[in-house]
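Student: Can we go through this structure together? I'd like to take it one topic at a time.

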Amino acid sequence: MLCGGGATALGLILASLLVDARPAVAETMTGPVPELDSVAVHIVTDSYQIAVAPSRKVEGLAVEHFGWGIAPDHPPGPTLASEFGLSMHVTSRRGEDTRRTLVDFGFTPEALNNNLKLLGVQPSEIDALVLSHGHYDHFGGLAGFLGQNQGQLKPGLPFHVGGEDCFCAREWTAPPVKGDFGVIDRQALKAANLTVTSTERPALVAGHGFTSGQIDQSSFEKLLSPSAMKLGVMHASGCYPDRLSQADRGQGPIPDQFRHEIATAFNLKGRGLVVLTSCSHRGVVNAIRQAQAVSGIQKVHAVIGGFHLAPYQPDYVRQTITALKEIEPDFVVPLHCTGEAFYEMAKAEMPNKLVRAYTGTRLVFSGSAT
């Protein structure tokens, strides 16, 4: 495991998309977590946007909103599409070296492909893909993205997931509507020639960032499971029961514990960690603590993503804000499933740290010279 910045991070290639494939070893890291000069996070897909929101700058951060899909020489055409899903594109720089990572894929390929084009993201330049967990609002756009960019992606492009249970078919069991919640198309991954990589333990992402590995539940945070896993493989998609933990094997749908959920983090020079939590089913505080533990870096510069607080009662939300204040991030950027209650409370409790971002917002974090 990557621990204290000095040990080795290993990711095992999943036993492929075929039953008889042999595992291989993914990118390995020794030494400290890479220190980056800048990290730019583009919110590709989120729940909504405000086209007229003003951009602004504060020390170490530029907040750039997208506006309209217009140009000087023609009337409005396609513009950004918002939906209940999440996708983030990260451009990280270290000296002359630039890497690009796409984290999650939103709810539909129509929104994802449309937004990537309008934001100027070139799929051929992407160095790594990361899927935080196996919920449709995070992988729904994946197969359509791969299909549209067939032959354009880098051969063997790494596709990071947190474990075999990411591939299980799922049912949505929580309000307001119950039903089929989809399954990742493993055939699409094979056709795209992706290197499917399990990061159950922390591993490098594109040589710049790192995954948290599976997130321990060590804080007050409680898991509310809104979905159930269906074990088995059908039509070459699904999860292999013998590759799951004993706790996740059984008859019938298994309540989802999100053991496979991962966060993605970057170490910004002189500033600390930029942590992308994605959905935080296992707790936003737990995700941050995990990134701190595996990197050996305590300072958190920013936490960005869904905090999954919308289903919780106000007292629980307040407890989360208290814990975040103890961590003392410089910036807190709630997205997706965080909920308005958190935003309103955080606006009162940490107004100078809270940053509002939408579909199309670009957050440019600059490293410090010292």
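Tutor: Let's begin with a definition: a disulfide is a pair of cysteine sulfur atoms within 2.5 Å. This is a predicted model, where local features need pLDDT of at least 70 and side-chain atom pairs count only at pLDDT 80 or more, while totals for chains, interfaces and linings use all residues. Residues are numbered from 1 along each chain as its sequence is written, and side-chain values use heavy atoms, with hydrogens and water left out.

Student: Okay, how many disulfides does the structure hold?

Tutor: One. Cys 168 and Cys 239 form it, with their sulfur atoms 2.1 Å apart. The link is right-handed, with 100° about the S-S bond.

Student: What does the pair tie together?

Tutor: Parts that are 71 residues apart in sequence, because Cys 168 lies in the loop between strand S9 (158-161) and strand S10 (169-172), and Cys 239 lies in strand S17 (residues 237-239). Strands (E, at least two residues) and helices (H or I, at least four) are DSSP runs, numbered from the N terminus.

Student: Are Cys 168 and Cys 239 buried or exposed?

Tutor: Both are buried. Buried means under 20% relative accessible area, exposed means over 50%, and partly exposed is in between, using a 1.4 Å probe and protein chains only.

Student: What about His 336?

Tutor: His 336 has a positive phi of about 55°, and it is not a glycine either. Look for His 336 in the loop between strand S22 (331-335) and helix H7 (340-349). At 9% relative accessibility, His 336 counts as buried.

Student: What order do the four strands of the open sheet take?

Tutor: S11-S10-S15-S18, with antiparallel pairing. S11 and S18 stand at the edges with a single partner strand each, so one side of each is left without a neighbour in the sheet.

Student: How many bridges do S10 and S11 pair over?

Tutor: Two, in the antiparallel sense. Trp 172 stands opposite Gly 179 in S11.

Student: Now Ala 40. Which strand does it lie in?

Tutor: Ala 40 lies in strand S3 (residues 38-45). Ala 40 is buried, with a relative accessible area of 6%.

Student: What does Ala 40 touch?

Tutor: Leaving out residues up to four places away in sequence, Ala 40 touches His 89, Val 90, Thr 91, Arg 362, Leu 363 and Val 364. Contact means heavy atoms within 4.5 Å. Ala 40 and Val 90 are 50 residues apart in sequence but 5.6 Å apart in space, C-alpha to C-alpha.

Student: Last topic: pockets. What counts as one?

Tutor: On a 1 Å grid over the protein atoms alone, a pocket is an open set of points with protein on both sides within 12 Å along at least five of seven lines; in a cavity, a 1.4 Å probe fits but cannot get out; lining residues have an atom within 4 Å of a point.

Student: Which residues lie nearest the centre of the largest pocket?

Tutor: Trp 172, Pro 175, Pro 226, His 308 and Pro 311, out of 20 lining residues.

Technical notes
Two strands pair if DSSP finds at least two bridges between them.
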